[in-house]
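Subject: Structure handover

Hello,

Here is the structure I promised to pass on. Please open it alongside this message.

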Amino acid sequence: DGHIIPAHQVVLGCCSPQLLQLLVGARAAGGPQHPLILLRGIAAADMHLILQFVYTGQVVVPQQQLNTFLAAAEDLEILGLSKKCADIHIGDLDDFDLGLPELTGKRKTGRQK
C-alpha cells in the first residue's frame, strides 16, 4: 500500500521468526540502523492490526477483514496468531476441551500442624 509503519525491531523480532530473520540479515549485511522492510501482499490495515496484537496482546478484527488478517499473520508467522487460534475463539467453546483437570473435593488451606 506504500505505507510506512514504524515499529521496534526487538518487538518485531520477538513476535515473528520471519521478521527476525529479515532484521538479522539486514544487520549482518551492514544495512541501516533503522531498516525498512517491504512486505508485499500484506495490507497496511492488516499490519496495523498485527502490530496492535503484538504490542498489546489483543486485537479486535472486523469480520470482513478476518481472512486477510489471519493470512498475513500466518505468512509472517506471528506467534500466537493463526487460523487455528481464530477457530477456537470464534467457534463454539462448549465443545472445546481445555485439558484442565476437574477440581473435586475440599481444598486445603493454611499450614498443617
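Below is what I found in it, from the overall fold down to single residues.

**Overall**

Please keep in mind that this is a predicted model. The protein has 5 helices and 0 strands. Read from the N terminus, its elements run α-α-α-α-α. Of its 113 residues, 22% are buried. The protein exposes about 9100 Å². Carbon and sulfur atoms supply 56% of that area. I also looked at contacts between residues at least 6 apart in sequence. Of these, 53% join residues at least 24 apart.

**The core**

The largest nonpolar core holds 19 residues. Those with the most contacts inside it are Met47, Ile50, Val54, Phe69, Leu76, Ile78 and Leu81. H1, H2, H3 and H4 each supply at least two residues of this core. Which helix gives the most? It is H3, with 6 residues. As background, nonpolar side chains tend to be buried together in soluble globular proteins.

**Helix H3**

H3 covers residues 44-56, which makes 13 residues. At 1.5 Å a residue, the helix should span 18 Å. Its end C-alpha atoms are 18 Å apart, so the two values agree.

The buried residues of H3 are Ala44, Asp46, Met47, Leu49, Ile50, Leu51, Phe53 and Val54. They pack against helix H1 (9-15) and helix H4 (66-75). Leaving aside neighbours within four places in sequence, Ile50 is in contact with Phe69, Ala72, Ala73, Leu76 and Ile78.

Asp46 also sits in H3. Is Asp46 buried or exposed? It counts as buried, because its relative accessibility is 4% and the cut-off for buried is under 20%. The side chain of Asp46 makes a polar contact of 3.1 Å with the side chain of Thr68. Beyond its neighbours within four places in sequence, Asp46 is in contact with Gln65, Thr68, Phe69 and Ala72.

With a relative accessible area of 38%, Gln52 is partly exposed. Apart from neighbours within four places in sequence, Gln52 is in contact with Gly57, Gln58 and Val59. Gly57 is the residue that follows H3. The phi of Gly57 is positive, near 85 degrees.

**Helix H2**

H2 runs over residues 17-28. At 1.5 Å a residue, its 12 residues should span 16 Å. The end C-alpha atoms of H2 are 16 Å apart, which agrees. At the start of H2, look at Ser16. A side-chain oxygen of Ser16 reaches to within 3.2 Å of the backbone nitrogen of Gln18. After H2 comes Gly30, with a positive phi near 75 degrees.

**Cysteines**

How many disulfides does the structure hold? The count is 0. For Cys14, the closest cysteine sulfur is in Cys15, and it is 7.8 Å away. That is too far for a bond, because a disulfide needs the two sulfur atoms within 2.5 Å. Cys15 is likewise in no disulfide.

Cys14 is exposed, with a relative accessible area of 57%. Cys15 is buried, with a relative accessible area of 8%.

**Loops**

Val60 lies in the loop between H3 and H4. At 70% relative accessibility, Val60 counts as exposed. Val60 and Leu49 are 11 residues apart in sequence. In space, they are 7.9 Å apart, C-alpha to C-alpha.

Glu77 is in the loop between H4 and helix H5 (83-90). Its relative accessibility is 37%, so Glu77 counts as partly exposed. In general, most residues other than glycine have a negative phi.

**Where to look**

- Asp46 and its 3.1 Å polar contact with Thr68.

Best wishes

Methods:
Residues numbered from 1 in each chain as written. Predicted model: local features only at pLDDT ≥ 70, side-chain atom pairs only at ≥ 80, totals over all residues. Heavy atoms only, no water. Helix = DSSP H or I, 4+ residues; strand = E, 2+ residues; numbered from the N terminus. Expected span 1.5 Å × (residues − 1). Buried < 20%, exposed > 50% of the residue type's maximum accessible area, 1.4 Å probe, protein only. Contact = heavy atoms within 4.5 Å. Areas by Shrake-Rupley, 256 points an atom, 1.4 Å probe, with all protein chains shown as cover. Core = buried A, V, L, I, M, F, W, Y, C linked by side-chain atoms within 4.5 Å. Polar contact = N/O pair within 3.5 Å; in protein donor to acceptor, adjacent residues only side chain to side chain.
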